Amino acid sequence: MKASFGTTLSWTSLHLSRRSHVPSRPLKLLSSMATREVLAEIAARYRHDTARSVITEAAGGVDVAKRVQAGEAVDAVILASNAIDKLIADNKLLPGSRVDLVRSGIAIAVRAGKPKPEIGSEDAVKKAVATARTVCYSTGPSGVYLEKMFERWGILANIRSRIVVPPPGVPVGSLLAAGAAEIGFQQLSELLNVADIEVVGPLPPAIQSITVFSGGISSGCVDPDAARALLRFMASPKVSDIKTRHGMEAA
């Protein structure tokens, strides 16, 4: 009887010890395409520094918002700040969980080897857009801003038939590289790592639009403390170098 009891006790102790060393469940992070590369690198550093695994997934911002609205199981969501605020108002993200992470501006690009338009002033950009064979921009925050600007300039109706808008999640740069568009506008972070295109430069300061991308914690997150720790890390100065490398600034 003693031997049997001792065997059972040893097995139970070993079993509990093993359970205590089981790695924590990976955190799932869902973001828009604009922050895909920067968040993937920050998540890799977080895994290195904390041993907590993070799974990152990116899609078009509109699609991400729809998926979160539909109740998809995620831990944290990264979108433009106004989209995060709406998800919080709709009780899809936890109240008070918004953390501003990065600031991102709009840049202009062309296919590699093609002439680069003059973009040093508002008038120069207007001329480049008005005379381009085709103009491409996304359905995200930058695209919404550009359409309003083109309308303010009085050229939107004239260029409407020459505008190429990629499906959500498809980079503007890929259309430029394929020759489907002559000039393209998108967040700089989304243009930097695309092959066969050249970034002409950012929009001039007079017409630049900065988007703040923020994080929020899903209402269905099973470990909100861990998600908060992740967002704090992503907002901390220790990852500012990663943000700069991807054409963004700390928020």
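Predicted model: local features only at pLDDT ≥ 70, side-chain atom pairs only at ≥ 80, totals over all residues.
Residues are numbered from 1 along each chain as its sequence is written, and side-chain values use heavy atoms, with hydrogens and water left out.

Q: Why are α5 and α6 called roughly perpendicular to each other?
A: The axes of α5 (residues 122-131) and α6 (residues 141-153), helices being DSSP runs of H or I with at least four residues, come within 12 Å and cross at roughly 95°. Angles run from 0 to 180 degrees between N-to-C directions, along lines fitted to C-alpha atoms over the stretch in contact. Angles of 65 to 115 degrees count as roughly perpendicular, and α5 and α6 are therefore described in that way.

Q: Which residues of α5 and α6 meet?
A: With contact meaning heavy atoms within 4.5 Å, Glu 122, Val 125, Lys 126 and Val 129 of α5 meet Phe 150, Arg 152 and Trp 153 of α6. The residues of this contact divide into four nonpolar, no polar and three charged, where Ala, Val, Leu, Ile, Met, Phe, Trp, Tyr, Cys and Pro count as nonpolar, Asp, Glu, Lys and Arg as charged, and the others, Gly among them, as polar.

Q: What makes β2 and β11 edge strands?
A: Six strands (DSSP runs of E, at least two residues) form an open sheet with mixed pairing, in the order β2-β1-β3-β10-β4-β11. In this sheet β2 (54-59) and β11 (249-250) each pair on one side only.

Q: How do you know that β4 and β11 pair?
A: Two strands pair if DSSP finds at least two bridges between them, and two bridges join β4 (residues 99-104) to β11, the strands running antiparallel. Arg 103 has Glu 249 in β11 as its bridge partner.

Q: What makes up the lining of the largest pocket?
A: A pocket is an open set of points on a 1 Å grid over the protein atoms alone, where a 1.4 Å probe fits, with protein on both sides within 12 Å along at least five of seven lines; lining residues have an atom within 4 Å of a point. By that rule 30 residues line the largest pocket, and Gly 61, Val 62, Thr 139, Gly 140 and Pro 141 lie nearest its centre. By class, its lining has 16 nonpolar, 12 polar and two charged residues.

Q: Which element gives the most to the lining of the second largest pocket?
A: Helix α5 gives the most, with four residues.

Conventions: Parallel < 35°, antiparallel > 145°, perpendicular 65-115°, else oblique.
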